[in-house]
Amino acid sequence: TDLPGAYGTAYKFTVRAHDDSAYGTGLTGYFTLDNRGMPVVSNVTASQRTDGSKIVDIYYDVSDSDTPNLSISLSIQGASPSAPVSLSGDIGASVPRGTGRHIVWNCGTDWPGQYGSSFRAVVTASDGSSSASGYSGYFAIDKRSAPVVTNVTATQRTDGSRIVDVY
């Protein structure tokens with residue numbers, strides 16, 4: 001907190017000792033100091049839409065005390081391959097820090113036919129000198145195609161039994 005935002009390799013500490021009659025001084029060698037703010041990713045959530053679109057919505061908050069725009073990447077823990085490609089929204093270079101950021105992932109395009117319930121979204125923010133990640137809770141993905149039923153015929157029997165035969 002004494003040197004916010006300080007960065008460099010030309011720092012030394014001077015140490016002074018004092019008693020009632022004299023002072024003594026010592027000087028450290030040069031050292032590197034990096035007090036630049038690190039990104040923080042929080043409140044990551046992920047869920048697949050229930051409308052059959054095979055879209056997963058990922059929401060997150062990101063902050064950084066000294067960098068207004070960050071580079072954001074996404075990986076999916078528990079999946080292979082773990083790097084989604086079909087992404088849009090608050091992803092890539094120059095994403096402004098803030099709350100309620102939203103990534104849209106078309107998992108149906110990237111991983112057709114896959115399903116499971118132990119996936120986690122990992123959102124990583126980088127400010128060029130440091131990076132940090134935030135994790136969602138576990139979520140389910142079901143990209144299987146629903147079965148299609150066609151040519152259904154229903155006929156009521158004429159024997160008075162009130163039974164309907166379905167073919």
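Modeller: What follows is a close look at the aromatic ring pairs. The model is predicted, so local features need pLDDT of at least 70 and side-chain atom pairs count only at pLDDT 80 or more, while totals for chains, interfaces and linings use all residues. Residues are numbered from 1 along each chain as its sequence is written, and side-chain values use heavy atoms, with hydrogens and water left out.

The structure holds 3 aromatic pairs, where rings of Phe, Tyr and Trp (its six-membered ring) pair if their centres lie within 6.5 Å, and planes under 30 degrees apart count as stacked, over 60 as edge-to-face and the rest as tilted. The rings of W111 and F119 have centres 6.4 Å apart and planes at 35 degrees, so this pair is tilted. F119 also pairs with F139, with centres 6.3 Å apart and planes at 45 degrees, so that pair is tilted too. Because F119 lies in strand 11 (residues 115–126) and F139 in strand 13 (residues 139–142), the pair ties together parts that are 20 residues apart in sequence; strands here are DSSP runs (E, at least two residues), numbered from the N terminus.

W111 is buried, at 6% relative accessible area, F119 is buried at 9%, and F139 is buried at 5%, where buried means under 20% relative accessible area, exposed over 50% and partly exposed in between (1.4 Å probe, protein chains only). Ring pairs link W105, W111, F119 and F139 into a cluster.

How values were computed: Helices (H or I, at least four residues) and strands (E, at least two) are DSSP runs, numbered from the N terminus.
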